[in-house]
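I set aside some time today to look through a new structure and keep notes as I went. Here is the starting point.

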Amino acid sequence: MATVSLESLKKSYGKTEVIHGVDIEISDGEFIVIVGPSGCGKSTLLRMVAGLEGVSEGEIRIDGQRVNEKEPMDRDIAMVFQNYALYPHMSVEQNMAYGLKIAKMPKAEINARVAEAAELLQLEPYLKRRPRQLSGGQRQRVAMGRAIVRRPSVFLFDEPLSNLDAKLRVQMRLEIKNLQRELGVTALYVTHDQVEAMTLADRMIVMNEGVADQIGAPLEVYANPQTEFVAGFIGSPPTNFIEAEILGAPAGTKIGIRPEHVAIAPVGQGRTTGLVLYAEPLGAETLIHLTIAGGNAVTVRQDGAVAIPSEGEQVGLSWREDDEMRFDASGRRL
Amino acid sequence: MAHDAHTGMVERRGAGLWLTHLGLIIGVAFIFFPIWLAFVASTVTQPEIVRPPMPLWPGDQFYENYSKALTSGINAPVARMLLNSAIMAFGISLGKIAISLLSAFAIVYFRFPGRHVFFWLIFLTLMLPVEVRIVPTYEVAANFGMLNSYSGLIFPLIASATATFLFRQFFMTVPDELAEAARVDGARPMRFFVDILLPMSRTNIAALFVILFIYGWNQYLWPLLITTDPSMNTIVMGIKQMFPSGDDTADWPVIMATSILAMIPPVVVVIGMQKLFIRGLVDSEK
Ligand SMILES: Nc1ncnc2c1ncn2[C@@H]1O[C@H](COP(=O)(O)OP(=O)(O)OP(=O)(O)O)[C@@H](O)[C@H]1O
Ligand SMILES: [Mg+2]
């Protein structure tokens, strides 16, 4: 239970800088998700907080205390790894107890904590098993258990669900969220899956090539992206980008409009016309893919009950001016 | 015909099965026959061996020959030589395993200046077996006063790279995340080594122990050089020294008894460790 502050945090490997200065104040008990495409520096950022990577510049404070020089064990954090990193030769019980044993905690207390975590994670039947005798989801829980028993101030997760199948992922996502709420522990969670990010986060950090493009609550980031990258990355299907010139706005700038904000209109009406390429009826909704003048691709997301235009048809596209997002040539929101 | 060979191996039935076994039995008998002859020779009297035809069945001198070999031998009692060999073989295998585990740990997990240089230096010794560096090694051992001593038998043979190399390869397959998890759990490097790395390497250690024990047990040239006192002789070189020089008659029953005795410890180690091997294989972690 602690606050975490990152202050112009930078990381370089040799001469190449991979994190270009990240600032954030995380309050006690907050769930922060770091999201971004592969290679943008999410793991590096998390590992710096964990103390597994050195800090090149800037400062990390946990509960107001500078921890840059501290070993991971002295930072009062616990980490869950992507491949779980369970000790293969130890039983589930020993895996969870290992950190406490090193901390020279009395046996009775260790047992009590392990039992408590096992109950919370429904691991009681498996305590004597080795990790390889467990399913992926159970291993994941053991990794969580190992983090919980330490009662850390901060949980760090590096893509903990990426090795699970889709269904289990949804279930574990809920469990992680509930657990974090119940324990009230500050959490930093890395993922490249925007659904995970949207559902878990109190606030999310959208990373792009070592820069935190935007930090904010998921719905706020979705509704009000600060950069072209964020608008394109968050949301599925992604935001449509149209060269503003086509619509009579200044050249070089772009207009972003979310698929659900575009509607099909009769030809000649609406802001522009498009050629229907193909439609994907998904039941509840239909995705219609079009091209418009200048070759830009546009996707329209409409209710499943609305009539679907046929392929090759020319249609008008309309949207409200309020829903438009304008970006300058460098991708900044205007 | 029922084809239920689900193991991917060809399953033979009827005559085929018996023929296969017959082939195997002949093979085993062929390999085993000289050992059997040695055993027979160790249980009869000297005149019985020299007089043709050679006996094919054990005689009644088992106890006499073996107790003579064990207690007095020819130059030194065999019991003494067995002990020397055992100390040497254990010393070499345990020493090598300990040193190579530690050096592999250092090379894989620590970034220190000259890491690569050290690795290549160790690697270089792979190309220099005992026989190649025997003269300088003898010189060094002699200067340190290690002639006719266990340390002289053991230490010069401990330094070698094979095992270091093997453990290095194994450690590199251990995921980095495991070391990081241990670090987050608060394990200092040596703690990680003892609690995580060692138990994970135990099948490798067992395999290496068997190989190194036999390597140590079978050393011939080095003990021959470094020991002159019969009470420091090892069994393998001891057998050779039992052969008579000149016109003396060889005491073949005792020599054969010694040979049989010399074979037992390696066999015991192989069979004993085999269980650990197989348990390690079935139990395979990772
Ligand atoms: N040890 C290293 N030496 C040099 N460059 C590195 C090192 N580790 C990471 N990088 C670089 O740092 C950048 C960020 O890596 P990082 O692992 O943080 O990405 P990520 O966002 O976690 O990606 P992913 O989603 O694929 O895990 C990458 O461009 C990577 O090439
Ligand atoms: Mg990563």
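These entries cover the ligand site and then the place where two chains meet.

**Entry 1: ground rules.** I am working with a predicted model, where local features need pLDDT of at least 70 and side-chain atom pairs count only at pLDDT 80 or more, while totals for chains, interfaces and linings use all residues. Residues are numbered from 1 along each chain as its sequence is written, chains are lettered from A and ligands numbered from 1 in the order in which they are written, and side-chain values use heavy atoms, with hydrogens and water left out.

**Entry 2: around the ligand.** Which residues are around ligand 1? I listed Tyr13(A), Val18(A), Ser38(A), Gly39(A), Cys40(A), Gly41(A), Lys42(A), Ser43(A), Thr44(A) and Glu159(A); a residue is counted here if one of its heavy atoms lies within 4 Å of the ligand. By type, this shell holds 3 nonpolar, 5 polar and 2 charged residues. For this sorting, Ala, Val, Leu, Ile, Met, Phe, Trp, Tyr, Cys and Pro are nonpolar, Asp, Glu, Lys and Arg are charged, and the others, Gly among them, are polar. Helix H1 of chain A (residues 42-50) gives the largest share of the shell, 3 residues. Helices are DSSP runs (H or I, at least four residues), numbered from the N terminus.

**Entry 3: atom distances.** I next looked up some distances to ligand 1. A polar side-chain atom of Lys42(A) is 2.7 Å from one of the ligand's oxygen atoms. For Gly41(A), a backbone N or O atom lies 3.0 Å from an oxygen atom of ligand 1. In Tyr13(A), a side-chain N or O atom is 3.3 Å from a nitrogen atom of ligand 1. The protein covers 56% of the 630 Å² of accessible area that ligand 1 has on its own (Shrake-Rupley method, 1.4 Å probe).

**Entry 4: where the chains meet.** How many residues of chain B are in contact with chain A? I found 20 residues of chain B in contact with 27 residues of chain A, contact meaning heavy atoms within 4.5 Å. Together the two chains bury about 2200 Å², 55% of it on carbon and sulfur atoms; buried area is the accessible area (1.4 Å probe) that two parts lose on being put together, summed over both.

**Entry 5: a charged pair.** I noted 2 salt bridges between chain B and chain A, each a side-chain nitrogen of Lys or Arg within 4 Å of a carboxyl oxygen of Asp or Glu. One of them joins Glu71(A) and Arg183(B), with the closest N and O atoms 3.3 Å apart.

Key: Polar contact = N/O pair within 3.5 Å; in protein donor to acceptor, adjacent residues only side chain to side chain. Helix = DSSP H or I, 4+ residues; strand = E, 2+ residues; numbered from the N terminus.
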